[in-house]
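Here is a colleague's note to read alongside the model. Please keep the structure open as you go through the points.

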Amino acid sequence: MANTIISVKNLVKNYGHFQAVKGISFEVNEGEIFGLLGPNGAGKSTTLEIIETLREKTSGEVIVDGLNLDKQPNEIKKIIGVQLQTSGYYPGLNLLQLIELFCGLYNRNVPPMELLEMVNLKDKAKSKFKELSGGQKQRFSVATTLINQPRIIFLDEPTTGLDPQARRSLWELVKNIRERGTTVIITTHYMDEAEYLCNRVAIIDAGNIVALDSPDKLIDNLIASGFDRPKEMKLANLEDVFINLTGHSLREG
Ligand code: ADP
Ligand code: MG
């Protein structure tokens, strides 16, 4: 049996009279990529930010690696990696300097070039964050989540707005991170991405979890219920055409 690394029980978040998260419960296994899927406004970011200790919950229980959110939020902070909003990067510093700054904040000593190599940004070491393409910015921000050598990282829509190549490059990065033993929680609106990356997904709709299982099992359940795709699928789709014509390699200069 897999170890539980995050346990959420009856989590509720009210914003005034509006209930954004309506008593959800789920567990994340150590070493898995766990997806939170759901339409805009479903409560995904709220849920993540509560677990990340960045937002107060209304009620419920959250345990991260045996640490209770109510009692040991600072201990939780030490073992998790969180993406900053992009506005959080000092505009005048280059990538090396930014990593050094983060190392100082976390009191860690990670070789900056190794970290940049891992996210395929070595030749951008002297560039400023604002000079990066969308995909490069996302990879850099994933790199910064690794600086404190966390047990768990949280990625909130890391591939939104990226081109197909940059999206795939980020997928490989996330897989590598899992292979190093880090647990990943990710939100996305791309179902192909969730199917490719996630061991299990929770589908959230209007503050409730409406399904939780592996992508494969959820698809099988739907088929078993008698679902039939309305039109016959071809053996390729337009994204396959695009990738076939423009290649897998990144186009970001
Ligand atoms: P998601 O990430 O799934 O798109 P969010 O967690 O950001 O959803 O938001 C869930 C709901 O809570 C939305 O209806 C949103 O408008 C509302 N909400 C989020 N943050 C706040 C806030 N600070 N104050 C009031 N309402 C909020
Ligand atoms: Mg969100």
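1. Is Glu49 buried or exposed? Glu49 is buried, because its relative accessible area is 18% and the cut-off for buried is under 20%. Bear in mind that this is a predicted model.

2. Glu49 has a charged partner. Its side chain meets that of Arg55 in a salt bridge, at 2.6 Å from N to O. Arg55 is partly exposed, at 31% relative accessibility.

3. How many salt bridges are there? The count comes to 12. In general, side chains of opposite charge can pair when their charged atoms come close.

4. One of these bridges joins Glu30 and Arg151, whose closest N and O atoms are 2.6 Å apart. The pair links distant parts of the chain, 121 residues apart. Glu30 sits in the loop between β2 (18-29) and β3 (33-37). Arg151 sits in the loop between α5 (134-145) and β7 (152-156). Both ends are partly exposed: Glu30 has a relative accessible area of 36%, and Arg151 has 30%.

5. Look next at Arg168 and Glu239. They form a salt bridge, with the closest N and O atoms 2.8 Å apart. Arg168 belongs to helix α6 (residues 164-179) and Glu239 to helix α9, so the bridge ties together parts 71 residues apart in sequence. Arg168 counts as buried, at 18% relative accessibility. Glu239 is partly exposed, with a relative accessible area of 23%. The pair is part of one network of salt bridges that share partners, joining Arg167, Arg168, Asp192, Glu193 and Glu239.

6. Now the second largest pocket. Its volume is about 420 Å³. The lining has 14 residues, and Met191, Glu195, Pro215, Ile219 and Leu222 lie nearest the centre. Which elements supply at least two lining residues each? They are α7 (191-197), β9 (200-205) and α8 (215-224). α8 gives the most, with 5 residues. By type, the lining holds 11 nonpolar residues, 3 charged and no polar.

7. Tyr90 is in the loop between β6 (80-82) and α3 (95-106). Tyr90 counts as exposed, at 51% relative accessibility.

8. Lys231 is another exposed residue, at 63% relative accessibility. Its place is the loop between α8 and α9 (238-246). How far apart are Lys231 and Tyr90 in space? Their C-alpha atoms are 50 Å apart, and 141 residues separate them in sequence.

Terms used. Residues numbered from 1 in each chain as written. Chains lettered and ligands numbered in written order. Predicted model: local features only at pLDDT ≥ 70, side-chain atom pairs only at ≥ 80, totals over all residues. Heavy atoms only, no water. Helix = DSSP H or I, 4+ residues; strand = E, 2+ residues; numbered from the N terminus. Buried < 20%, exposed > 50% of the residue type's maximum accessible area, 1.4 Å probe, protein only. 1 Å grid on protein atoms, 1.4 Å probe; cavity = no way out; pocket = protein on both sides within 12 Å on 5 of 7 lines; lining within 4 Å. Points joined across faces, edges and corners; volume = space filled by probe spheres on them. Nonpolar A, V, L, I, M, F, W, Y, C, P; charged D, E, K, R; others polar. Salt bridge = Lys/Arg side-chain N within 4 Å of Asp/Glu carboxyl O.
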